[in-house]
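Take a look first, then try each task before reading its solution.

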Amino acid sequence: MEQMLGAFQSDLSSISSEIRTLQEQSGAMNVRLRNRQAVRGRLGELVDGLVVPSALVTAILEAPVTDPRFLEQLQELDAKAAAVREQEARGTAACADVRGVLDRLRVKAVAKIREFVLQKIYSFRKPMTNYQIPQTALLKYRFFYQFLLGNERATAREIRDEYVETLGKVYLSYSRSYLGRLMKVQYEEVAEKDDLMGVEDTAKKGFFSKPSLRSRNTIFTLGTRGSVISPTELEAPILVPHTAQRGEQRYPFEALFRSQHYALLDNSCREYLFICDFFAVSGPAAHDLFHAVMGRTLNMTLKHLESYLADCYDAIAVFLCIHIVLRFRNIAAKRDVPALDRYWEQVLALLWPRFELILEMNVQSVRSTDPQRLGGLDTRPHYITRRYAEFSSALVSINQTIPNERTMQLLGQLQVEVENFVLRVAAEFSSRKEQLVFLINNYDMMLGVLMERAADDSKEVESFQQLLNARTQEFIEELLSPPFGGLVAFVKEAEGLIERGQAEQLRGEEARVTQLIRGFGSSWKSSVESLSQDVMRSFTNFRNGTSIIQGALTQLIQLYHRFHRVLSQPQLRGLPARAELINIHHLMVELKKHKPNF
């Protein structure tokens with residue numbers, strides 16, 4: 001038993017050592033397995049990155065570039081070339097086995113891409129080509145250019161330079177041709193340097209000059225021209241010159257300017273976004289590339305505008321062009337195209353000084369106008385003030401959309417000169433009454449025109465309203481003075497004595513008061529009738545004449561009411577003639593019958 005148990009113990013100890021041996025072997029085998037798997041993974045990645053499959057070779061060599069397989073395998077080739085460059089940097093010797101194959105495939109791919117892209121670019125050169133179609137087609141193959149940038153920068157530069165040169169010429173040719181045809185449908189009669197606000201209508205031109213085909217007043221009138229900056233018209237389709245010529249249509253300059261710059265805005269936005277997308281640029285690089293393409297076109301447009309403005313004397317057209325540019329600049333900002341910002345500033349730098357110059361010329365023309373050279377004068381609104389009213393209301397209504405303080409300052413200078421001119425002309429009339437009629441007619445006309453377009457709280461409206469009210473009040477006093485001057489003088493004197501506590505002096509005025517009472521009672525009806533007829537003959541605006549008559553009758557009632565209060569003083573209360581006084585309410589009823597209905 002002892003021998004048997006000893007043998008069993010010996011066997012157990014040997015099994016234990018065998019288990020430990022097996023555990024050690026198992027651990028070593030696990031380590032070797034993990035090492036082999038790690039090596040296999042890395043080798044697999046390396047081999048996969050280096051091995052060039054037959055599908056890639058076939059697609060690059062045989063498939064047309066428009067085939068989806070070519071684009072797919074080109075991306076694979078680009079990835080393998082990047083992987084090989086990375087492994088070469090690590091010193092992997094196996095890269096030498098595939099470098100030659102990849103280089104030959106890369107050369108073949110570059111040649112096919114270069115030929116394809118250049119053909120697309122050359123297709124822009126064909127006359128009457130809609131270049132947006134090949135541009136859109138190129139965008140589908142934007143990876144081609146990215147591949148060239150990573151693998152053949154010289155070819156990428158060649159394609160970019162060819163694109164810039166070709167598209168630059170296309171845009172320049174298109175823009176120059178369109179601009180030339182567009183200017184042929186402008187109105188034949190445009191404003192000249194003599195078409196200023198203060199120039200006399202009777203001014204004679206040379207013997208051989210053409211008769212004017214239109215009234216000079218239209219230069220100062222907005223009419224429907226303001227619709228060019230309305231949201232619907234601003235982004236309306238561009239004008240087609242040959243269609244307009246067939247229909248014998250003509251347009252003002254601002255309509256041609258809008259059409260030309262809307263085409264420029266659309267093309268520029270599309271071009272900028274294409275450049276950023278296809279050539280994979282942004283920021284200053286995109287800005288520089290855009291100006292390499294569009295620079296000549298923008299410069300040509302600026303030179304044409306500068307040349308046109310040198311002989312332009314239509315302030316409304318120039319001001320509308322300014323507001324068109326301000327709106328197009330906002331549209332470009334909304335489309336996230338900053339490349340035109342500098343161009344808009346250059347255009348405004350041409351338009352603003354010309355607008356200010358024309359406005360200053362009009363100011364000077366009004367300032368230097370001699371009323372004695374204007375021929376026969378009458379009390380109706382003057383044609384110069386009518387021009388001012390139309391012109392000022394046009395600029396104020398346009399300026400309200402995007403306010404500009406400089407414009408209001410220039411208009412303020414013009415308003416001062418027009419007010420001075422009206423006073424100079426009024427001084428030519430011999431009687432104060434005629435002067436007031438002339439002033440009221442002109443202020444009323446200017447106020448009416450301004451209120452049609454300008455806001456009721458604008459400075460111009462407020463200024464002319466104050467002038468009109470002051471002159472109207474003075475005219476009413478002038479109107480009441482001949483028939484009721486004695487009554488006015490007595491009431492003012494008597495009220496002054498009462499205020500100073502000297503009412504006792506009224507006792508010596510019985511005879512004068514009696515004469516005033518009887519004179520008023522006998523003549524007031526005829527005087528009021530004559531007054532009404534005189535007013536309605538004097539004023540061109542019947543509504544204004546009506547308000548003046550109402551004001552005069554109201555003031556007459558107030559005057560007679562004050563007269564009643566004076567006669568109620570103890571010193572005059574016992575006057576027998578007081579019985580002949582007309583009752584205030586009766587007077588009001590009678591005066592209402594003389595109120596004109598317009």
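**Exercise 1.** Into which domains is the chain divided?

*Solution.* Keep in mind that this is a predicted model. Start with domain 1, which covers 1–39. Domain 2 comes in two pieces, 152–197 and 218–368. Domain 3 then takes in 484–594. Now look at the spacing: the centres of domain 2 and domain 3, taken over C-alpha atoms, sit 68 Å apart.

**Exercise 2.** Work out how helix 5 and helix 10 are arranged: roughly parallel or roughly antiparallel?

*Solution.* Find helix 5 at residues 132–139 and helix 10 at residues 253–278. Their axes come within 10 Å and cross at roughly 25°. Angles under 35 degrees count as roughly parallel, so helix 5 and helix 10 are roughly parallel to each other. As for handedness, their crossing is left-handed.

Next, check who touches whom. On the helix 5 side you'll find Q132, Q135, L138 and L139. They meet R270, E271, F274, D277 and F278 in helix 10. Sorted by class, this contact has four nonpolar, two polar and three charged residues.

**Exercise 3.** Which side chain meets R367 in a salt bridge?

*Solution.* Recall the general idea: side chains of opposite charge can pair when their charged atoms come close. Here the partner is E417, at 3.1 Å from N to O. Now place both residues: R367 lies in helix 13 (residues 341–367) and E417 in helix 15 (residues 405–426), so the pair ties together parts that are 50 residues apart in sequence. To finish, the structure holds 25 salt bridges.

Notes: Residues numbered from 1 in each chain as written. Predicted model: local features only at pLDDT ≥ 70, side-chain atom pairs only at ≥ 80, totals over all residues. Heavy atoms only, no water. Axes fitted to C-alpha atoms, helices over the stretch in contact; angles between N-to-C directions. Helix = DSSP H or I, 4+ residues; strand = E, 2+ residues; numbered from the N terminus. Parallel < 35°, antiparallel > 145°, perpendicular 65-115°, else oblique. Left-handed = near helix turned anticlockwise from the far one by under 90°. Contact = heavy atoms within 4.5 Å. Nonpolar A, V, L, I, M, F, W, Y, C, P; charged D, E, K, R; others polar. Domains from an automatic or database assignment. Salt bridge = Lys/Arg side-chain N within 4 Å of Asp/Glu carboxyl O.
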